[in-house]
Amino acid sequence: MHTRVSSALSSSSNLKDLRRIHALVISLGLERSDFFSGKLIDKYSHLREPHSSLSVFKRVSPAKNVYLWNSIIRALSQNGLFSKALDFYEKLRESKVSPDKYTFPPVVKACAVLFDKEMGDSVYEQIIELGFESDLYVGNAVVDMYSRMGLLGRARRVFDEMPVRDLVSWNSLISGFSSHGYYEEAVELYRELRSSWIVPDSFTVTSVLSAFGNLQVVKEGQGLHGFALKSGVSSVVVVNNGLLSMYLKLSRPTDARRVFDKMVVRDSVSYNTMICGCFNLEMYEESVRMFSENLDQFKADILTVSSILRACGHLQDLRLAKYVHEYMTRGGFVVGTTVGNILVDVYAKCGDMIAARHVFKSMECKDTVSWNSIINGYIQSGDLLEAMKLFKMMMIMDEQADHITYLILVSVSTRLTDLKFGRGLHSHVTKSGFCSDVSVSNALIDMYAKCGEEEDSLQIFNSMETRDTVTWNMVISACARSGDFATGLQVTTQMRNGGVVPDMATFLVILPMCASLAAKRLGKEIHCCLLRFGYESELRIGNALIEMYSKCGCLKSSFKVFEHMSRRDVVTWTGMIYAYGMYGEGEKALAAFADMEEAGIVPDDVVFIAIIYACSHSGLVEEGLACFEKMKTQYKIEPMMEHYACVVDLLSRSQKISKAEEFIQAMPVKPDASIWASLLRACRTSGNMETAERVSKEIIELNPDDPGYSILASNAYAALRNWDKVSLIRKSLKDKERKKNPGYSWIEVSKKVHVFRAGDVSAPQFEAIHKSLEMLYGLMAKEGYVPDPREVSQNLEEEEEKRRLVCGHSERLAIAFGLLNTEPGSPLQVMKNLRVCGDCHEVTKLISKIVGREILVRDANRFHLFKDGSCSCKDQW
């Protein structure tokens, strides 16, 4: 009878049969039998009825047989009641029953699942005390426990001390190292396993595939794929899923797709892996396509849905984003803070700020990312004021801002050039302690620079304890933006001396400064640095070098850079054409323009400004007009005000005053002050004072607040001896506190830049300069030179005072200083921030003849090469 009951217990496959047999056991008086009680506990456990298992155990309590204790502990562990399993283990320890080797595997498993390190250590000590550490199953359980807990050193020690190991031992340790990111150790263990002649199974392969993927080991990964095919484990879904994950991590989506297509059985993990993998490889359209086409084949998890939502943001697919949002609602997904943040970001990227704001408002729990997402959404949509309002609301609600918050809001202040808001943000940053964040400080430097507050930018820079390359780039750019090139170059030198490694952006900021200051020596040093860092082949660097050399008086070096460039774009050709124009090489500029067209580069509006400018400074009137017509007819480029100004300048420089005025009158748009200014300069040069008076009136009416144009008109009235008008214009400027940029010149001698201003008695070697100029004026007088009183814009009666003012112009002081401090016969190079006046132009021609030197002068318009009493501009400047 006992045998038949035991057999019936073993064969029972459902709860109804088991309860019937259980009743039979009780009726036969066998309910307190250790054998049958143990069998019933195990059977109820297998049928997921742990409470019935407990009921059976209680009927035989207090149990004096370890078999019963093992049965109930195992039953509880198998059904996920790990804490209760440990409670029963403690009760076992309190009883007089001694555990055996079968007691410990489920107990150790419970410790592992609960991550109860303290209990795990205690159990392991008891295992050692009882001498069960050499048991294979107990050892495997302990290795697995420590591996799951991330205590990999302990796991390895237990593993190494095991007298016998099987594949489970290896799998537990390999899986532990791989799942905790110790991929190299996992691979090394796999190699040890292979050398021990144990054949890996699907669990081994899955763990090692993950390690190969994360280590980007392509060859060995492919080798393991081959082993999986030969050994037959490739038919296991989890192995195929591991292959998908590995190939996608290796950026081999084609191989992943091939595995996916060959899979006979796919689960949700297969689809989720492919969709998320494609998203991570920025294959947004493919990930969206797989999701849309296979929705009826699998259930997407929260990670997949999040990936698809983010893909919708990248693709700006609002329709699909709303569908996925509805799919989440129908599927009962919990929209927590993270997913809510993603939804806000996606709707914002898709341009639906109403939906974004609705999600934001409906979020029960908002974090800093939530606020950052909605604020950034309004910034991206162009509603900067709403972004600012949200930040103020955030502060009122005592929400915690982070460095990202300040970065995106400082960008708002920068774009709006809202200094007041920017200063307020700076105050918040200081109070919040984010001043130490380099990226935030960099953003503040940029904000103050773009708001015209260079001093504040420098103050932040000087207070920073830690700086990166971006910091240096920002502060150098700030100096360049404000026109403080001298400070910019000082910071550049400081950067170089500090051993900071520059990047391409650094050079792209420094080179234009060298160009503006005509710092030829430093420009050449920077060029050497570019060669050392390997940036010379970069297109933008080549373009910047062309500009730098051309503005530093080195046209040949510009052309050499141009010749060596492997790639050229429209900016490259424009730079070279403009360089030729600056030197009065109009024919070469036209040839370069023709070469550009032949090379298939389509000219833009800027190229035509450069080529007409070049023709203007070379007296090539017909050619310049032909270029203007070609722009309109052949390239269908609508002329802008700059193009009209160039044509007026082209006609005016060649003294075609009436044609220039006719051209202005025929313009389809109303001419601005820049157009009339070109004509006025020509009128003064030609002495056409009637037109000059009429044009001056136009300029004052069009732009009375611009000091540059007002001074130009004032000078024209001064030449007409209309001192009332001169006084009126100057009084207006004074009342409005408008000032024209003062004129100054500079020259580099012995690796040092010397700056001179008109009439500056504090200039270096002033007495010697004054004597040198007096001597030169005496020699020039013999050549017939008489100072031109038209260059004096003040109402002075004394001719001597007029002569003193004209003779004290800054470029003359710089030239005299150069003559005194350089070798006789050596060329001089002088830079001036304004246009050279007619009298200074005449004087420099005479000086070049008297001293027998070449003098290269760069003014605001172009280069003048003075040699043997003549100028390369042919008096057309």
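Q: Before we start, what should I know about the model and the numbering?
A: It's predicted, so local features need pLDDT of at least 70 and side-chain atom pairs count only at pLDDT 80 or more, while totals for chains, interfaces and linings use all residues. Residues are numbered from 1 along each chain as its sequence is written, and side-chain values use heavy atoms, with hydrogens and water left out.

Q: OK, helix α33. How far apart are its end C-alpha atoms?
A: They're 19 Å apart, which agrees with the 18 Å that its 13 residues (539–551) should span at 1.5 Å a residue. The expected span is 1.5 Å times one less than the number of residues. Helices here are DSSP runs (H or I, at least four residues) and strands are too (E, at least two), numbered from the N terminus.

Q: And how many residues of α33 are buried?
A: 10 of the 13, so α33 is largely enclosed by the rest of the structure. Buried means under 20% relative accessible area, exposed is over 50%, and partly exposed is in between (1.4 Å probe, protein chains only). Among the buried ones are Leu-539, Ile-546 and Tyr-549.

Q: What covers them?
A: The cover includes α31, α32, α34, α35 and strand β5 (863–867). Just after α33, Gly-553 takes a positive phi of about 85°.

Q: New topic: Lys-845. Buried or exposed?
A: Buried, because its relative accessibility is 9%. Lys-845 sits in helix α48 (residues 838–851).

Q: What is Lys-845 in contact with?
A: Leaving aside neighbours within four places in sequence, Lys-845 touches Phe-866, Gly-869, Ser-870, Cys-871 and Asp-875. Contact means heavy atoms within 4.5 Å.

Q: How do the axes of α37 and α39 cross?
A: At roughly 10°, coming within 9 Å. Axes are lines fitted to C-alpha atoms, for helices over the stretch in contact, with angles from 0 to 180 degrees between N-to-C directions.

Q: Which residues make that contact?
A: Including Phe-608 and Ile-612 of α37, and Cys-646 and Leu-650 of α39.

Q: How many disulfides are there?
A: The structure holds 0 disulfides, a disulfide being a pair of cysteine sulfur atoms within 2.5 Å. For Cys-514, the nearest cysteine sulfur is that of Cys-552, 6.6 Å away.
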